[in-house]
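Here's a quick briefing for anyone meeting this structure for the first time. Have a look at the sequence and the model, then read on.

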Amino acid sequence: MKKGWSRFASVCQKNLNMKKIENRILSIMEENSDSPISVELLFNALGLNKPSDYKKLNKAVDSLVRQDYLERVKKGIVKMTGKSRPVKKGSSDIIEGVFSSNRSGVGFVKVEGFDTDIKIPPRKVGLALDSDLVKVKLQPEDGHSRIQGKVIEVISRGRNFYVGTLIQHTKNTYYIVSDDKSARVNFFVEPENIKSASHNDKVTFKMLSWKDSRALPEAEILEVLGKKGSNDAEVLSILAENQMINTFADDVIRYVENIPLEIPENEEDRRIDLRTEDIFTIDPEDAKDFDDALSIKVLDNGNYYLGVHIADVTYYLEPDSILDVEAVNRATSVYLVDRVIPMLPEKLSNGVCSLRPNEDKLTFSCFMEISEKGELIDYSIQETIINSRYRFTYEKAQEVIDKKNGPYADSLQVLASMTAMLTKKRFREGALDFDSPEPKFVLDKNGKPLDVKIKERLDSHRLVEECMLMANKTVASHVEVLRENSGKKKQKDLYPFLYRIHDKPDIDKLRNIKEMIGTLGIKFMEGSSNTVSVKAINNMLQEVKKTKLRYTINELLLRSMAKAVYSPENIGHYGLGFKNYTHFTSPIRRYPDVIVHNTIKKYKNNKVGYSYSELKKLGQHCSDREKEAVSAERDSIKLKQVEFLSGKIGEVFDGMISGVTDKGLYVILNDIYCEGMVPVRELNDDYYIYDQSRHCLSGRHKGKEYQLGKDIRVKVVHTDLSRRLIDFVLAS
């Protein structure tokens with residue numbers, strides 16, 4: 001089910017106008033044009049509950065059948081006929097939107113205000129490439145179920161550069177085969193524009209010109225990434241696909257080299273000196289950029305006094321400097337399997353700003369007095385200077401907690417007790433309890449994966465997480481306090497601030513999950529309500545933990561959620577259950593945290609910070625860059641999984657069916673959590689039919705079934721590093 005369902009529900013509840021119902025049904029059916037849908041499912045999914053509503057819904061369906069938009073498959077079930085509805089009279093047939101395409105060359109244009117994307121047949125995509133802003137002429141009356149169009153103009157290119165493989169066809173003839181995620185066409189390159197590249201090199205390149213869709217566009221190579229198939233080339237290709245670069249420009253490096261390492265005496269004097277306090281860091285074993293440090297005390301009244309000390313990046317990052325512009329553009333560090341692409345050059349990220357042990361560092365600290373019941377009693381946010389006493393890894397911190405002996409054992413015990421209480425309180429009050437696996441690779445010196453495991457989730461991870469959540473929530477609430485004290489709390493332009501927000505989940509995607517886990521005997525979202533409580537979701541997650549599909553359902557649930565984003569418009573954070581939330585604790589690797597630090601400092605000194613409109617623009621940019629970083633990180637994991645199984649061709653593994661489509665079975669291998677596909681063509685012992693409602697493929701003649709969540713044994717037969725694909729067949 002698609003987004004149209006919830007909007008249709010809203011229309012039906014407010015005003016059951018027949019024409020509106022028909023139009024909304026068509027919008028929904030167009031999104032599910034290949035799937036029959038029952039009228040009963042429509043009724044339940046739309047949150048209707050009156051007999052009169054059911055009659056009106058049936059009347060609208062009957063009308064659409066008479067108009068030949070729908071046909072009845074059998075009693076109570078309808079599907080699209082293929083007839084397209086006309087564009088509304090008076091509406092323009094020329095629209096603008098962002099273009100994307102699939103591997104088959106079919107294009108889609110996302111238009112603001114449209115319920116569905118505009119479909120562009122391959123022969124009508126013109127000169128458009130992914131992410132381009134285009135003009136489209138609507139062509140609805142062509143016998144298709146979905147409104148279609150033709151690209152008539154590329155307004156602006158969405159990418160600064162592309163990535164592909166250089167091929168030398170003849171002595172002086174070169175062309176570039178574009179990667180799937182980069183562009184849908186190949187490019188030709190004049191010999192003078194290939195630079196140092198040679199045959200079969202992975203390269204980044206820019207488009208020079210393209211005037212006719214019947215001819216190849218011309219390109220100029222920008223950078224050689226390495227030979228196709230090599231570790232460096234494939235990893236750097238992932239970055240390029242997501243419009244990221246691995247290195248810093250020379251002028252940025254020169255700027256950073258002039259940043260002094262020593263802390264000026266006048267800066268020490270004006271800050272709160274915490275260098276004699278017991279402060280320590282807890283980070284991954286391979287971490288180098290230490291953003292945060294912790295301190296803890298128990299006060300005479302029994303309350304906890306928590307200090308979260310964050311690297312003061314803004315002291316070194318002068319607004320609008322060449323370094324600041326670079327940091328804004330990157331917006332985030334990118335953590336790939338075998339390397340980190342930092343937001344800030346290494347001298348800052350791993351050196352001057354990093355809270356390394358036994359070094360004086362400038363920090364921005366959030367001090368919080370927390371009651372034994374987890375309530376925030378008091379707080380202050382101060383510029384400080386610290387000297388971290390100890391650098392814990394998560395494993396070492398866990399060892400000290402478990403044995404109750406070792407460096408700063410008393411402090412860790414207090415932190416463990418306090419954060420366990422905070423975790424229980426957070427889930428009790430409405431936070432979601434996700435359980436997503438994170439693969440960990442053992443690599444050789446060349447980056448080749450030797451083994452892959454699932455990272456163990458330790459209590460020490462949760463300890464640090466709760467401290468950071470508490471600080472982020474407190475800093476966000478601080479701005480609300482400023483507004484309350486001003487007497488103008490509701491004015492969004494007063495003390496504008498950058499929040500981390502998270503909207504409610506898509507109810508229709510939750511219904512899809514309901515159908516899926518229903519096949520496992522797990523009840524979820526009973527009745528026809530258009531809302532679902534956090535408690536119901538958490539109860540379902542607890543039930544799913546007892547099944548092999550726990551990680552698959554967690555991933556689907558995450559996808560059903562709206563993406564957390566940065567915005568000055570505070571709607572709260574649904575997943576965490578917080579009314580006010582921001583990102584304050586990682587300014588070395590996230591630019592939104594830099595914005596928050598700057599904002600708090602400005603307000604503390606009664607100065608004007610960012611405007612609301614500036615924060616709106618910056619929030620959107622940072623959210624977009626975060627999305628690209630997540631995509632790159634996932635592609636990096638998939639690349640290493642494919643590379644790992646490339647050395648296992650012919651080997652047999654036990655796994656579980658994690659997804660079922662009409663194209664075949666998705667299978668996750670036990671223990672190593674690598675996912676691949678058994679194409680339906682490989683199920684050659686029968687003719688298999690896809691049963692969407694039961695999430696299975698059923699043999700027509702022999703009755704054999706392959707259903708979601710079932711155990712399966714497969715053999716690795718093919719891998720594709722460039723496309724990051726794994727193919728299985730059934731093991732005999």
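Helix H15 (residues 550–560) has its buried residues covered by, among others, helix H13 (507–518), helix H14 (534–544), strand E27 (652–661) and strand E28 (664–669). The buried residues in question are Thr552, Ile553, Asn554, Leu557 and Ser560 of H15. Here, buried means under 20% relative accessible area, exposed means over 50%, and partly exposed is in between (1.4 Å probe, protein chains only). Helices (H or I, at least four residues) and strands (E, at least two) are DSSP runs, numbered from the N terminus.

Some ground rules: this is a predicted model, where local features need pLDDT of at least 70 and side-chain atom pairs count only at pLDDT 80 or more, while totals for chains, interfaces and linings use all residues. Residues are numbered from 1 along each chain as its sequence is written, and side-chain values use heavy atoms, with hydrogens and water left out.

- E28, one of the elements covering H15, pairs with strand E29 in the antiparallel sense over 5 bridges; two strands pair if DSSP finds at least two bridges between them.
- These two strands, E28 and E29, form a hairpin with 5 residues between them, and Asp671 in the turn has a positive phi of about 75°.
- Across the pair, Gly664 sits opposite Pro679 in E29.
- E29 (residues 675–679) is mostly covered, with 4 of its 5 residues buried.

**A three-stranded sheet**

- An open sheet of 3 strands runs in the order E1-E3-E2, with antiparallel pairing.
- Its edge strands are E1 (37–38) and E2 (70–74), each of which pairs on one side only.
- E2 is joined to strand E3 (residues 77–80) by 4 bridges, and the two run antiparallel.
- Look for Arg72 here: its bridge partner in E3 is Val78.

**Helices packing on H17**

- The axes of helix H5 (residues 231–241) and helix H17 (residues 612–646) come within 9 Å and cross at roughly 155°. Axes are lines fitted to C-alpha atoms, for helices over the stretch in contact, and angles run from 0 to 180 degrees between N-to-C directions.
- That angle makes H5 roughly antiparallel to H17. Angles under 35 degrees count as roughly parallel, over 145 as roughly antiparallel, 65 to 115 as roughly perpendicular and the rest as oblique.
- On the H5 side, the contact residues are Asn231, Glu234, Val235, Ile238 and Glu241, and H17 brings in Ala632, Asp635, Ser636, Leu639, Lys640 and Glu643. Contact means heavy atoms within 4.5 Å.
- Helix H8 (residues 322–330) also meets H17: the axes come within 8 Å and cross at roughly 60°, so H8 and H17 are oblique to each other.
- For that meeting, H8 uses Val328, Asn329 and Arg330, while H17 uses Leu618, His621 and Arg625.

**Single residues worth a look**

- Lys601 lies in helix H16 (residues 591–604) and is buried, with a relative accessible area of 13%.
- The side chain of Lys601 makes a polar contact with the side chain of Asp312 (2.7 Å). A polar contact is a pair of N or O atoms within 3.5 Å; within protein, one must be able to donate a hydrogen and the other to accept it, and residues adjacent in sequence count only if both atoms are side-chain atoms.
- Arg724 is in the loop between strand E33 (711–720) and strand E34 (725–730), and its relative accessibility of 6% counts as buried.
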